[in-house]
Amino acid sequence: MTRQIYMDNAATTPIKKEVLDAMMPYFTEKFGNASSVYRVGRESKKALDESREKVAKSIGAKPKEIYFTGGGSEADNWAIKGVAFANRNKGNHIITSKIEHPAVLNTCEYLEKEGFEVTYLDVDEYGLINLDELKNSIKDETILITIMFANNEIGTIQPVKEIGEIAHQKGIYFHTDAVQAIGNVAINVEELNIDMLSLSAHKIYGPKGVGALYIRQGVKVHPYMHGGAQEKSRRAGTENIPGIVGLGKAIELATNNLEEHNSKLLKLRNKLINDVMSKIDYVRLNGHPEKRLPGNVNFSFEFIEGEALLLSLDMVGIAGSSGSACSSGSLDPSHVLMAIGLPHEIAHGSLRLSLGDFNNEEDIDYVVENLGIIVNRLRQMSPLYEKVRGNA
Amino acid sequence: MYSEKVMDHFSNPRNVGEIQNADGVGEVGNAKCGDIMKMYLKIDDGIITDVKFKTFGCGSAIASSSMATELVKGKTIDEALGITNKAVAEALDGLPPVKMHCSVLAEQAIKSALLDYSKKNGIQIKGLENFDPNEDAHDHGDHE
């Protein structure tokens, strides 16, 4: 059987055994509704409270500032719409960036249709926003700045603390989508001036369908879901206790293992980058060379197309992802690759390999070896490569 | 997403390469859209005796090129002109709707190479009068 190597950890991660073990009892014997008064209900409530404490501790927040959601996208939606609608009397202007996750961009687009004004900040060739441009974009009507902590495609980490400072100097709320950053970057919401932060369990070896939104005490935000009194009446619905327990355990493990995790992934990431760049011609590393997630690698291989690359990698058991248009069925390559200024033909040949705790050095060697063969094979088929060779 | 036949032609593409001194060469698509197909034809006495291709594109684009070369080989010019994108897609046991443009590109690549042949030889080929090789096929649309 072909060796199977998973390098799409930015898309999702497998659940770790410790996380699954923690969750299992809450599907069966500890199945109670956390709102019930009897023992099995109290057990669920206790698990809910403990998980809230774990999530809060991991980002330097208070437990009462943590609200569980159905995932990162829900948290983003809630933060942005919640602030927008609750603070409309103050203003109707929101600032974000052009490289946000669709959960943010599409929410902002929705709000534009509802009469809000949104400024989409440009990014430089590495994917960083310009702080002066941010300052200059602020108006009297600005009520929210929402900028992602780290980009899901190119891994670039934004100057979050400085963004928060700028926001607070002007009395504007600052939300950050930290779905990719949690478990990869040390985060303290107090030190980083963050008012709201979105996170998700399945990017940190926890279950899918559960996330959390940190809302700093005092931030004026509309409820997300109306119904029962769960989550202090701000997000109604019976709590997903097994999922929440999984999130609590996953974030606890991620926080405790952060140093070890980072050091391992940095070593693997740098090896992958160095080996690919030294062994394959016409390759570009997308994203910031240093300010990037420890497990993120994003290359553009000139003269070939990303989906063909992904299919070929899959045939030798390697799972990655691409920002090429043909893998998504759209006409344009990823908005992130376009925003950092890549020409279409280069962006089409992009490949993201996101490393995780279950990867090792042998995986890198296997990927580099096969990548070289595949890139060469596809280039031999490419009329664009033929032109370059003809000119050489 | 892809049929076994598409995957077969993608992983083992037939007729990849170039023909030196080809009688007709056609290139369609553009790098901006992520698909370029280049087709080379060898034509003897009105029969396509050899065909090669080079493609920059996704799995479906490579498979469509490969299948198109298989379909035109040994055909007369008229028969080759009768190969539609639908025929290419059907021969591949279908393509996802969003990838049908790849089969259109394959049809255009054949026509483009035949147009080049007609120009080189100063002959008119019926059916190519209104063919524009620069026409954009990359609309991911509803071609049949």
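A: A salt bridge is counted here when a side-chain nitrogen of Lys or Arg lies within 4 Å of a carboxyl oxygen of Asp or Glu. This is a predicted model, in which local features need pLDDT of at least 70 and side-chain atom pairs count only at pLDDT 80 or more, while totals for chains, interfaces and linings use all residues, and side-chain values use heavy atoms, with hydrogens and water left out. Residues are numbered from 1 along each chain as its sequence is written, whereas chains are lettered from A and ligands numbered from 1 in the order in which they are written.

Over all chains the structure holds 24 salt bridges, and one of them joins the side chains of A:Arg3 and A:Asp363, with N and O 2.8 Å apart. This pair links distant parts of the chain, 360 residues apart, since A:Arg3 is in the segment before β1 (5-6) of chain A and A:Asp363 is in helix α14 of chain A; helices (H or I, at least four residues) and strands (E, at least two) are DSSP runs, numbered from the N terminus. A residue is called buried under 20% relative accessible area, exposed over 50%, and partly exposed in between, using a 1.4 Å probe and protein chains only. A:Arg3 is therefore partly exposed, because its relative accessible area is 34%, whereas A:Asp363 is buried, because its value is 6%.

Another salt bridge joins A:Asp357 to A:Lys16, whose closest N and O atoms are 2.6 Å apart. A:Asp357 lies in the loop between β12 and α14 of chain A and A:Lys16 in the loop between β1 and α1 (17-23) of chain A, so this pair ties together parts that are 341 residues apart in sequence. Both A:Asp357 and A:Lys16 are buried.

The side chains of A:Glu231 and A:Arg52 also meet in a salt bridge, at 2.9 Å from N to O. Because A:Glu231 lies in helix α7 (residues 230-233) and A:Arg52 in helix α2 (residues 39-59) of chain A, the pair ties together parts that are 179 residues apart in sequence. A:Glu231 counts as buried because its relative accessibility is 7%, and A:Arg52 counts as buried because its value is 13%. Elsewhere, A:Lys54, A:Lys249 and A:Glu252 are linked in a network of salt bridges.

Helix α14 (361-380), which holds A:Asp363, is also among the elements against which the buried residues of α9(A) pack. Those buried residues include A:Leu272 and A:Val276, and these two are among the residues with the most contacts inside the largest nonpolar core, which has 72 residues. Helix α5 (residues 100-121) of chain B gives the most to this core, with 10 residues. A nonpolar core is a set of buried Ala, Val, Leu, Ile, Met, Phe, Trp, Tyr and Cys residues joined through side-chain atoms within 4.5 Å. Not counting residues up to four places away in sequence, A:Leu371 touches A:Val276, A:Ile280, A:Phe301, A:Leu309, A:Leu313 and A:Leu351, where contact means heavy atoms within 4.5 Å. A second, separate core of 61 residues includes A:Ala61, A:Val123, A:Val210 and A:Ala347.
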